[in-house]
Structure formats: structure tokens, C-alpha cells
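Try each task before you read its solution.

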2 protein chains.
Amino acid sequence: MAERPKTGGEMAREPSETAAAAAAVTATREPVTRERAVRLAVELADAGGIESVSMRKLATELSITPMSLYYHVKSKDDILDGMLDVVYSEMDAPQLGAEWRTAMLERARSTRAVLARHPWAISLDARTSPGPATLGHLDATIGVLRAAGFSMPLVGHAMSLLDSYVQGFAMQETTLPLDASGDIGAATEDIMAQQEMMSNAFPNLAEMAGTLILQPGYAYGNEFEFGLGLILDGIENAHREEVESADAAVTADASAG
Amino acid sequence: MAERPKTGGEMAREPSETAAAAAAVTATREPVTRERAVRLAVELADAGGIESVSMRKLATELSITPMSLYYHVKSKDDILDGMLDVVYSEMDAPQLGAEWRTAMLERARSTRAVLARHPWAISLDARTSPGPATLGHLDATIGVLRAAGFSMPLVGHAMSLLDSYVQGFAMQETTLPLDASGDIGAATEDIMAQQEMMSNAFPNLAEMAGTLILQPGYAYGNEFEFGLGLILDGIENAHREEVESADAAVTADASAG
DNA sequence: CCAATCAACCATACACCGTATGGTTGATCA
DNA sequence: TGATCAACCATACGGTGTATGGTTGATTGG
């Protein structure tokens with residue numbers, strides 16, 4: 001229930017070079033840290049999915065025993081929290097002073113790209129203990145929208161909408177059997193085999209598969225920009241309406257005074 | 001790799017009443033089925049989250065041993081697939097002939113409501129082996145949009161956008177610490193305690209928390225309708241443009257011929 | 001210089017998990 | 001009456017997270 005793990009020696013204060021041997025050791029095997037453990041966990045997850053991150057595997061990779069890991073880390077959940085914050089830190093945070101629409105566009109694209117690189121992070125996203133990178137990212141986003149004149153409620157609307165969409169899209173994207181190029185590829189034959197069965201029970205699905213999804217040029221990833229543009233247009237409208245009604249109020253005030 | 005588990009005696013063909021005792025037994029303990037196991041798994045997950053669904057617990061609840069469960073079910077993944085399809089079967093499928101916009105509106109609301117009732121289903125959603133209920137739902141949705149005159153590409157755009165949003169929103173919603181009434185409630189004090197720390201490092205976040213999220217009337221769930229309406233407006237625009245350009249082509253054709 | 005401290009690591013053990021393998025029943029039916 | 005087979009079971013293996021209670025060996029204050 002302590003609010004922070006007592007990670008102890010967080011910075012590697014060098015052991016004052018007691019002996020040449022000690023120096024050699026410190027040089028070869030870099031010290032174990034929460035940060036290093038988390039970084040390694042991210043690598044493991046990237047390579048083999050989230051279920052291949054275990055305390056035992058992590059410990060082995062760090063050349064210590066499983067229980068020694070608990071000196072640096074509070075629990076496995078602590079590691080998962082750290083992993084998610086690493087992912088957020090890879091996203092481009094909006095720059096203060098940027099034009100809001102391009103800032104949101106780039107934020108969305110960057111988020112999607114990072115989540116595509118670390119698909120396991122999407123399921124971790126439900127986790128409720130944001131790290132500093134996560135909070136900083138949110139803070140910067142709010143800042144840009146506020147600077148553009150958005151009211152707080154509209155900021156809430158816009159961020160809920162954008163974040164829901166991006167996160168949901170990233171999730172859908174991982175569900176589909178995509179090859180590296182982004183189109184359907186290898187899974188096509190499997191699907192074609194089921195085509196006949198589907199045509200009977202699910203004619204619309206079958207037609208959509210045949211005439212759209214399985215077509216050579218189609219790549220699900222391209223759907224992202226359509227939705228994103230549409231959403232930004234809608235937010236832009238809402239923002240304009242908000243500004244106009246405020247202007248109208250001011251004008252009314254002025255003519256009344 | 002068999003495409004269906006050999007579920008064997010799926011219907012409970014009654015054992016021709018060999019003895020009164022046998023009849024009593026059949027009456028008291030209803031037969032174990034894949035379907036029953038899946039239903040029970042759903043109940044377990046509703047009560048204690050997805051991690052409280054284990055083969056051993058399930059078996060105990062069914063009054064059999066863990067390994068006996070494998071007679072009715074191929075694997076645990078098989079059960080998870082079944083659970084997801086149960087969830088989809090609880091959603092209102094769009095009625096053929098319905099007006100597209102209200103059909104999509106209701107589909108989105110129904111989906112959100114069902115996912116809120118079974119939060120564990122959101123993480124299962126990434127699973128790639130849709131059951132019949134899932135496929136039927138998709139098929140009906142495509143059908144409604146096609147009937148309204150949507151081109152296949154626009155159907156793809158619309159569904160990607162709507163499904164991403166709804167799923168993403170459902171996910172965000174489970175992340176937040178909500179009480180039954182839907183507003184922030186119990187977690188407020190915890191958050192307030194961190195307020196001061198936040199105000200320094202994350203001023204915009206702190207302001208948003210103070211002036212919007214922690215305000216008495218605020219409930220995150222209300223953000224849903226804003227985004228949904230905005231998205232449907234955007235799709236409606238795209239649809240109108242598509243129809244208009246088609247009309248123009250026809251007119252041009254007619255005047256040319 | 002020596003004793004105390006303490007960061008860092010370790011061994012053992014427990015209670016879970018999914019499932020491979022290979023039985024054992026008891027009713028049904030040719 | 002003997003074979004079949006749906007349904008269930010016992011044992012075991014290799015994994016998981018982590019509670020408990022050591023053991024080191026370098027750093028320090030007295």
C-alpha cells in the first residue's frame with residue numbers, strides 16, 4: 001500500500017572504485033534498476049507478446065533470481081504500469097503554441113503508430129495508474145486546446161472523442177490478420193475457403209469481403225484517416241459555433257452598454 | 001485443428017428413464033454442456049472479472065473435475081470465444097428496413113450498454129474467431145447501410161469509424177473509477193489529495209480536474225452522445241455527397257445521351 | 001579498526017494455473 | 001452377452017506470482 005516502491009539506489013552511485021576487479025564488474029554488467037527491468041520487459045513483450053513477460057524470464061534475462069527482482073520492483077503490476085508509461089513516452093507530445101488541428105492530427109497519428117509498434121500496450125491501456133509520461137502527454141494536449149480558445153467542456157468532448165477513436169481503431173487494427181505491408185495477404189485463402197459457407201448465412205458480410213476487403217488495393221489501415229478527418233471537422237465546427245456564440249454575446253453586451 | 005469441438009451429446013436425449021433414481025438425478029443436476037459452461041463462465045466473469053474464470057473453478061461449479069471439462073470444450077480459448085459470442089448475442093442487432101441513422105444510433109448505444117455490463121468482454125474483443133452472433137450482427141449492420149444506398153467503401157468507412165469509437169469509448173469508460181451512478185464519487189478524495197502535486201507539474205490537467213471532471217454534475221458517460229452525434233453527422237454528410245455526385249453523373253449521362 | 005548498517009541478492013515454498021496422457025465407469029444397442 | 005461409447009476421472013508436468021526469511025559484502029560512524 002506504499003505509494004511508491006522503495007527502489008532504493010535509483011542512480012548508480014559508483015562504488016568509489018575499491019578495486020580494479022569491482023570496476024571491471026560494474027563495467028561489464030550494468031546495474032539492475034526498475035527502469036532497466038521495465039525496458040527489458042518492453043523488449044520481451046515486443047518480441048513475444050505480453051504473455052511472454054514473466055517475473056522469472058525477466059529475472060533470468062537480468063542474471064538474477066526471480067525474488068531479487070522484487071528488490072527493485074513492487075510487483076508485476078508495477079512493471080506493467082512502467083511499460084505503459086514507456087509507451088506513452090514514445091509518443092510525440094503536442095507542442096505548446098501549435099495550431100490545434102494539426103497538433104491533434106499528429107497526436108492521433110503518433111499514438112496509432114506507437115500502439116501499432118507495441119500492440120500489447122492496448123490491452124494495458126485500461127490500467128489505472130498513469131505514469132509521468134502519460135500525465136504529461138495529457139497535460140500538453142489540454143494546453144493546446146485551451147490556448148486555441150476551447151472551453152473546458154469542449155476540451156472534454158474533443159479529447160474523449162479523439163482518444164476513444166484512436167484507441168478503438170488501434171484495437172481493431174490488431175484484431176485483423178495483417179501482414180507487414182498492411183493488406184490482408186496470407187489469411188486470404190483461409191477466408192476464401194469459408195466464403196461459400198458465409199454467402200449463405202451472411203450474404204452482406206460475404207459481399208463486403210469479396211468486393212472490398214479482399215480486393216488487392218484494400219488496406220484496413222487506410223480507414224484511419226477518413227475517421228480522423230471527419231472527427232476533426234466535427235470538432236472544428238463545434239469550436240467555431242462556440243466562438244461565434246461568445247462573439248455574439250460580446251457584441252450584444254457592447255450594444256447594450 | 002478440428003474446426004469444431006466434438007461436443008458430442010449436445011441435446012440432452014433423456015436416458016429413457018431406466019430407474020426412478022436415474023430420473024431423479026437427471027432432474028436435479030442438469031447436464032453439462034459447452035453452452036452451460038460458457039454461460040457459467042460469463043457469470044463468473046461478471047462477478048469477479050475475467051481473471052476469476054479458470055478451468056478449475058468452472059469445473060468445480062459444474063460439479064465435475066477439471067479434466068472432465070475438456071470433454072465438452074476444446075480449450076480455455078474455446079470458452080473465451082464462446083463468452084464473447086454470448087456478449088454479442090445480447091446486443092440489439094439492427095433491423096433490416098430501419099432508417100440507417102437511428103439503426104446505427106441504437107446499435108452504438110446497445111453495444112456500449114452491453115459492454116458496460118460485461119467489462120471483461122472489451123479485452124476479449126481482440127480475439128479473432130467470431131461466433132455466429134458476432135457475424136450475424138455485422139451482417140445486419142452492413143445490410144442496413146447498403147439498403148440506405150451506401151457504397152461499399154463508405155460502408156467500410158462508416159463501420160470502422162463507429163466501431164472504433166464505441167469500442168474505444170467503452171474501454172475508456174472502464175478505466176475510470178466510477179460508481180454506479182456514473183459520476184466520480186468515491187475516488188474524489190484520493191484525487192483531491194494529489195491535486196497540489198498535480199497543479200505544479202500538470203497545471204492544465206489540474207485545472208480540468210478541478211473545473212470539469214470533479215464538478216458535481218459531471219459524468220464521463222455523458223460524453224458518449226456528443227461523439228456519437230458528431231460522427232453520425234459526419235457520415236450523413238459523406239453519404240449525401242456520395243448520393244449527390246451519383247445523381248450528377250446520371251444527369252450528365254442523360255443530357256449527354 | 002571494528003561493529004553496525006544496509007543495498008542487493010538468494011533459496012525455499014505455497015497456491016494457483018492450463019492441459020497432456022491414459023484410465024474408469026455405466027448405460028446403450030447389435 | 002459383449003462391444004461400444006459418452007462422460008467422467010486421477011495423476012502429473014511445467015509454468016505462474018509472490019510470501020517468508022535468509023545471506024552476502026561493501027560502506028560507514030564511533
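**Exercise 1: Charges across the interface**

*Task.* How many salt bridges are counted between chain B and chain A?

*Solution.* Keep in mind that this is a predicted model. Start with the count: chain B and chain A share two salt bridges. Now pick out one of them, in which Arg146(A) pairs with Glu207(B). Their closest N and O atoms are 3.2 Å apart, and the pair qualifies because the cut-off is 4 Å.

**Exercise 2: The chain B side**

*Task.* Which helix of chain B gives the most residues to the side that touches chain A?

*Solution.* First list the helices of chain B that each supply at least two residues to this side: helix 7 (120-124), helix 8 (132-147), helix 9 (152-175), helix 11 (203-213) and helix 12 (223-256). Helix 9 of chain B comes out on top, with 17 residues. Then sort the chain B residues on this side by type, which gives 25 nonpolar, 16 polar and seven charged.

**Exercise 3: How much area is buried?**

*Solution.* Begin with who takes part: 48 residues from chain B and 48 residues from chain A. Together the two chains bury about 4,100 Å², and 70% of that is on carbon and sulfur atoms. On the chain B side, look for Asp139(B), Met152(B) and Met171(B): this trio supplies 14% of the area that chain B buries against chain A, more than any other three residues.

**Exercise 4: An enclosed space**

*Task.* Where is the largest cavity, and what lines it?

*Solution.* Searching for cavities of 30 Å³ or more turns up one, and the largest cavity holds about 30 Å³ of space. Its lining is made up of Asp81(B), Leu84(B), Asp85(B), Arg127(B), Ser129(B), Pro130(B), Gly131(B) and Thr134(B). Helix 5 (residues 76-89) of chain B gives the largest share of that lining, three residues. By type, the lining splits into two nonpolar, three polar and three charged residues.

**Exercise 5: A link within chain A**

*Task.* Which parts of chain A does the salt bridge between Arg127(A) and Asp81(A) link?

*Solution.* The whole structure has 22 salt bridges over all chains. In this one, the closest N and O atoms of Arg127(A) and Asp81(A) are 3.2 Å apart. Arg127(A) sits in the loop between helix 7 (120-124) and helix 8 (132-147) of chain A, while Asp81(A) belongs to helix 5 (residues 76-89) of chain A. The pair thus links distant parts of the chain, 46 residues apart.

Technical notes
Residues are numbered from 1 along each chain as its sequence is written. Chains are lettered from A and ligands numbered from 1 in the order in which they are written. This is a predicted model: local features need pLDDT of at least 70, side-chain atom pairs count only at pLDDT 80 or more; totals for chains, interfaces and linings use all residues. Side-chain values use heavy atoms; hydrogens and water are left out. Contact means heavy atoms within 4.5 Å. Buried area is the accessible area (1.4 Å probe) that two parts lose on being put together, summed over both. A salt bridge is a side-chain nitrogen of Lys or Arg within 4 Å of a carboxyl oxygen of Asp or Glu. Helices (H or I, at least four residues) and strands (E, at least two) are DSSP runs, numbered from the N terminus. Ala, Val, Leu, Ile, Met, Phe, Trp, Tyr, Cys and Pro count as nonpolar, Asp, Glu, Lys and Arg as charged, and the others, Gly among them, as polar. On a 1 Å grid over the protein atoms alone, a cavity is a set of points where a 1.4 Å probe fits but cannot get out, and a pocket is an open set with protein on both sides within 12 Å along at least five of seven lines; lining residues have an atom within 4 Å of a point. Grid points are joined across faces, edges and corners, and a volume is the space filled by probe spheres set on the points.
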